[in-house]
Amino acid sequence: MLLLQPFGISSGRYYRILFFIHLRRFWWLYALPAALFLSMLLWLADVRFLFLLLIYGFIVVPMALTFALISCGLHPVGRYSILKKHAEVSASGLCLCFLDDDGEEVSSATLSWQDVQRIIPTAHELVLSLGNSLLVVIPYEAFESQEQLNEFMNYARMR
């Protein structure tokens with residue numbers, strides 16, 4: 001069993017990670033209507049398609065991105081990344097023990113390794129993707145050493 005140091009990330013950092021992962025996954029969904037309006041503008045030479053393109057770019061896309069991020073961010077799994085916690089890692093999965101301001105354990109949640117679809121390493125953290133844009137973020141500061149990080153990855157690979 002492996003015990004990680006107490007960790008958590010800010011909600012702003014969580015939404016930035018969620019934004020880039022969502023956009024990397026669904027970029028085509030946002031680009032397809034824009035390309036359609038642009039091609040209609042060039043093909044028909046009608047200024048109304050320019051207005052549609054501007055409306056799409058400045059109203060529809062930001063609203064759609066906001067709805068997508070809020071629906072993913074307000075899922076109960078979203079709090080797993082933001083709240084301060086420590087984690088116990090074993091061959092069966094992760095046990096996240098949430099801490100209050102005094103360092104006392106308030107509640108806990110368990111994630112099995114079968115729930116983790118993939119692990120995305122970034123510059124500052126490991127992102128555990130649980131599917132449907134549900135993420136659990138573990139910053140590298142939670143690991144005491146490189147050996148502990150390697151041991152965590154070995155547990156993840158054994159799933």
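This is a short tour of the structure, stop by stop.

**Before you start.** The model is predicted: local features need pLDDT of at least 70, side-chain atom pairs count only at pLDDT 80 or more, and totals for chains, interfaces and linings use all residues. Residues are numbered from 1 along each chain as its sequence is written, and side-chain values use heavy atoms, with hydrogens and water left out.

**Stop 1: two helices.** Select helix H1 (11–44) and helix H2 (47–73). Helices (H or I, at least four residues) and strands (E, at least two) are DSSP runs, numbered from the N terminus. H1 and H2 pack at an angle of about 160°, and their axes lie 10 Å apart. Axes here are lines fitted to C-alpha atoms, for helices over the stretch in contact, and angles run from 0 to 180 degrees between N-to-C directions.

**Stop 2: the loop.** Now pick Ala45, in the loop between H1 and H2. Its phi is near 55°, a positive value in a residue other than glycine. Is Ala45 buried or exposed? Ala45 counts as exposed, because its relative accessibility is 67%. The cut-offs are under 20% relative accessible area for buried, over 50% for exposed, and partly exposed in between (1.4 Å probe, protein chains only).

**Stop 3: cysteines.** Select Cys95 and Cys97. How many disulfides does the structure hold? The count is zero. A disulfide is a pair of cysteine sulfur atoms within 2.5 Å. The sulfur of Cys95 is 4.0 Å from the closest cysteine sulfur, in Cys97, so the two are too far apart for a bond.

**Stop 4: the core.** Show Leu4, Leu94, Ile138 and Phe152. They have the most contacts inside the largest nonpolar core, which has 27 residues. A nonpolar core is a set of buried Ala, Val, Leu, Ile, Met, Phe, Trp, Tyr and Cys residues joined through side-chain atoms within 4.5 Å. Several elements each supply at least two residues of this core, among them strand S2 (85–89), strand S3 (93–99) and helix H4 (146–157). H4 gives the most, with four residues. In soluble globular proteins, nonpolar side chains tend to be buried together.

Stop 5: Go to Tyr80 in helix H3 (residues 79–82). Tyr80 counts as buried, at 13% relative accessibility. Next select Val136 in strand S7, which is buried at 1%. The C-alpha atoms of Val136 and Tyr80 are separated by 6.2 Å, though 56 residues apart along the chain. Finish with Ala109: its C-alpha is 8.3 Å from that of Tyr80, 29 residues away along the chain.
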